[in-house]
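This briefing is meant for a reader meeting the structure for the first time. Please look through the sequence and the model below before going on to the points that follow.

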Amino acid sequence: MSASPLSALPTVDDAVALGLTRDEYALVCDELDRAPNQVELAMFSLLWSEHCAYKHSKKLLRTLPTEGPRVVMGPGENAGAVDVGDGLAIAFKVESHNHPSAVEPFQGAATGVGGILRDIFAIGARPIAVLDSLRFGEPSSARSRFLLDGAVSGIGHYGNSIGVPTVGGEVYFEAPYEQNCLVNAMALGLAEARKMIRSAAAGVGNVLVLFGASTGRDGIGGASVLASAELGEADEDKRPTVQVGDPFEEKKLLECSLELLERGLLVSLQDLGAAGLTSSASEMASKGGVGVEIDVSLVPLREPDLEPFEVMVSESQERMLCVVEPGRVDEVLALCEKWDVHGTAIGSVTDTGRVVVRDGGTVVGDMPVAALVDDCPLYDLEPARPSAPLYATPAGTLSADAGPRETLLALLASPNIASRLPLFQQYDWIVQSRTVRRPEEADAAVLRLPNGRAIATSIDGNGRRVACDPYWGTVGVVLECASNLACAGAEPLGTTNNLNFGNPEKPHIAWQLTEAVRGIGDACRALDAPIVGGNVSLYNEGAEGPIYPTPVIGMVGEIPDPSRAGRLGFASEDDVIAFAGPFRPRIPGSEVAKLRGEPLPDGLPEVDVAAVRAAQEAIRDAVRAGELSNAHDIAEGGLLVAVAECCLAGDTGAQLDLGRAAAAGPELVDRLLFGEASGGFVVSGSEEAIGRLRERVDLHRLGRVGGDALTVALGGATIEASLAELREAHAALAPLFP
Amino acid sequence: MARVRVLVRPKEGILDPQGQAVEQALPALGFSGVRNVHIGRLIELDVEDEAQVPEMCEKLLANTLIEDFEVVRA
Amino acid sequence: MTTFGVIRFPGSCDEVDALHAARRVGDAKLLWHKDRDLHGVDAVIVPGGFSYGDYLRVGAIARFSPVMESVAEFARAGGLVLGICNGFQVLCEAGLLPGALLPNLERRFICRQLGIEVVSNDTAWTSACTPGDVLSIPVKHTSGRYYVPEDQLADLNVVFRYAHDGNPNGSTNDIAGVANADGNVVGLMPHPEHAVDPLTGSTDGLRLFESAVRERVPA
């Protein structure tokens, strides 16, 4: 240090520049009984940020159901976990990397994947799958295409290189995401439940070992205002840099961490994510009810002249922190060496209840753990339902007089519905030999487990419908995720969520957030699918307004027999096609309404959640019994799009007869063909199987599988689209990846 | 120690899709009259014995089946 | 029983898949990259992944690992060696197979189930196949465009081609895999170890492993 940290105390204005309020700064001074120095202010500003402290969302999140018979690890740890039988557990979590991806989509998305994978192996689970949830502006915008291309390449680069399959995901294109793209990544890991490890530091005198990549200025972000005065405009190379991911380093880190755990060498383990060492060390200390002391001069640096506060807040990727008994440090370091991973003892566990930061012999920071981790003020939201529409009416692309055939083809070509294979085939979806259902083979990805069973997993979040109605839209998101699982034959075990919203200090955003969390809670309770973890990303808005409120829901469910996992494609000529479930389709808020340029409605119809759950159970049981040739959830685009998707996935045509509906008039036909709602399924099977399903759920016969075209008889008129025409429309995203 | 730069580029005649992509992108940005874009690697190293660098290239830094290399004194 | 040794480099991804695939027909163990000892295995598999991060050039650094020195000796003595994807790239870099693998024409990673035609069954790893067989096996790679100089094409021992106009990467003559002149060393971009179980795909890839077993059993 060139200057004593106490001789150049930062001011309250520095604190404000770092994101603290004046009141929060005063509170920090109270906690310390003095003004914080540079290191301390940097650490407080990060741990008291929305990202780390959840200060605008924590009270809401406490309302979510988090307990259930299959929950092994709930919120608060690096990831949640559910029991999948025979002593095995599936750890999973979704996390956002929205802001970094908007700046540099390739590295932002790549490090997003890297971060969520570390969360998984930090609890001792081997990562077995990644899913991603992406939002961009319309693909007609060059910026959106740039972000899409970069994010997809980044996800693939990281996941493919580290040997974890990307088995599913979703992407939506909507104008409100133009300036604020969303990149959420969900990862799943497999562990022996008894070997999972928590992050609580314990054992006074135990050693903190940092291992993995060296520390640079990556992602120092806002804290850079604290840099010494000599850092002038010209010192470009000293500016905080974009975090760069190194999947090779993480692959070694992953194998090394799992072997350290396998050999029982660690007391606890934590990854370094947002706020780097600051948050890892403080949270480990907080959970263990102990103190920690760290000497920043021992931290291996990538650049020689990092200041202590920079070392403490650096977000350099691919690093882990563990607590080790003194007698086992040598073994731990030897194992690090085996994997060519750099390991260094940088501190110890103390009984002081304080985080002490030293730079060699000098103490450069000294704070109570509780002040850092627990005492950030939590804020009540002030929700107010907006009096005027928040979102512009989408620009219509489909003429008002388009008939059903033209509408079907336009929907299939819509960026929100077109085949995702041009994205998915840039991901390795088969490594680790668990993938029983690949992308677009079923509504959910299916992975087999070593105990002979399987899990299904899906991630969902139609933000436009949440924008129409934050409560019922969110209920719909949760239901759709569970419906996807049901079509694969899976029963939900647990849920993770990522809340992507605008600025919660604005009453209308607070209202969206409050209503959405209420929706998640009610729906997860109704489905017995408790929340085991999640993440919040707020302030996703710019001058043009907020993003669509986007709660992204990920679920994991179980399937007893992987050979019976459901498929979405029609499979057998002459099978009966039916639609099942309490499906009450409506045009407002749907994809077709967007194509027609209709404004977002103020509110969506209520949903009978219990009836939807009963339908899901009926479909799931029929799939598990091997009764159905296919099962597919009716989502964006409605019934006819769902049938077309079954045709495309099964490479076969279908003949539908909707003569009876046609008799009720064109408006009803439009609603039936293209309207959207929760709780509808397209299924096919033998006459007998469909008959048996009818005994359990509302079911209407639509027609039969066969031929090389989709034909729909509508009373006097018949519309027809060949498989080739459907396929061409459905391939609309391919040109985005030249 | 001498600072040496090794430039590695695709051998003539080897199809270079990265180079082609850039060559096609430049006119779209208004830069006309660009040809023969090739993308390779720059490797910088400090060495005690510069004379060893060509052998380093032959053995590791380049694959001479598909790449040419050029050693430049920095 | 035939024992397969599957090399594990830092950055290998498909080594466990190869291990389990080999165990369907024989015994199999992992070989550590820093260990020169091949532990008496009958056949060596150089697996897929991103050995040493594939930094510098795909496969370039792995070829200099201690275990690869022993693999080169083993191969020259007639030992059975199969390089899959990154393993194929490593074997080319090591000079155990001719040619090199260049970035895909589309410059992107490609993951796809493809038809792979067996061109030659006169190798240790395809003796259980018939020329003309089309195997359903996935590919997944960023650098799979096979290249040899024009004047070496005629003598090339081509073992697999992409069938049905399915060349995913721009490979010369649709080449998906080649062998050395003796046929004991084979490299291919497709992943036979990911085609061994009907639950997760096809079972066509097993034929390669069965070929190696047959090769080791005296007639």
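In which sense do strand β3 and strand β6 of chain A pair, and over how many bridges? In this predicted model, strand β3 (residues 88–96) and strand β6 (residues 182–192) of chain A run antiparallel to each other and are joined by 9 bridges. Within this pairing, A:L88 has A:E192 in β6(A) as its bridge partner.

**The sheet of chain A**

- The two strands belong to an open sheet of 6 strands in chain A, with mixed pairing, whose order is β1-β2-β3-β6-β4-β5.
- At the edges of this sheet stand β1 (71–73) and β5 (166–173) of chain A, and because each has a single partner strand, one side of each is left without a neighbour in the sheet.
- On average, and with direction ignored, neighbouring strands of the sheet are turned by 20° against each other.

**Helices on the sheet**

- Helix α7 of chain A lies across β3, β4 (126–136) and β6 of the chain, and runs at about 25° to β6(A).
- Helix α8 (residues 142–162) of chain A also packs on the sheet, where it touches β4, β5 and β6 of chain A, and its direction makes about 180° with that of β4(A).

**A pair of packed helices**

- Helix α7 (residues 105–121) and helix α9 (residues 247–262) of chain A pack with their axes 10 Å apart and at an angle of about 5°, and the two helices are therefore roughly parallel to each other.
- On the side of α7(A), the residues that meet α9(A) are A:G114, A:L117 and A:F121, while α9(A) brings A:P247, A:E250, A:L254, A:S257 and A:L258.
- Sorted by class, this contact of α7(A) with α9(A) consists of 5 nonpolar, 2 polar and 1 charged residues.

**How the chains meet**

- Of the 2 pairs of chains that touch, chains A and C have the most contacts, whereas chain A and chain B are joined by no contact, their closest C-alpha atoms lying 10 Å apart.
- Between chains B and C, 8 residues of chain B are in contact with 9 residues of chain C.
- Helix α1 (residues 17–28) of chain B supplies 3 residues, the largest share of the side of chain B that touches chain C, and this side divides into 6 nonpolar, 2 polar and no charged residues.

**Confidence in chain A**

- The pLDDT of chain A averages 93, and 96% of the residues score at least 70.
- Over residues 1–6 of chain A the pLDDT is below 50, and this stretch has 11 contacts in the model beyond near neighbours in sequence.
- Residues 228–239 of chain A likewise stay under 50 in pLDDT, and for them the model has 4 contacts beyond four places in sequence.

Key:
Residues are numbered from 1 along each chain as its sequence is written. Chains are lettered from A and ligands numbered from 1 in the order in which they are written. This is a predicted model: local features need pLDDT of at least 70, side-chain atom pairs count only at pLDDT 80 or more; totals for chains, interfaces and linings use all residues. pLDDT is the predictor's confidence in each residue, from 0 to 100. Two residues are in contact if their C-beta atoms, placed from the backbone, lie within 7 Å. Axes are lines fitted to C-alpha atoms, for helices over the stretch in contact, and angles run from 0 to 180 degrees between N-to-C directions. Helices (H or I, at least four residues) and strands (E, at least two) are DSSP runs, numbered from the N terminus. Angles under 35 degrees count as roughly parallel, over 145 as roughly antiparallel, 65 to 115 as roughly perpendicular and the rest as oblique. Ala, Val, Leu, Ile, Met, Phe, Trp, Tyr, Cys and Pro count as nonpolar, Asp, Glu, Lys and Arg as charged, and the others, Gly among them, as polar. Two strands pair if DSSP finds at least two bridges between them.
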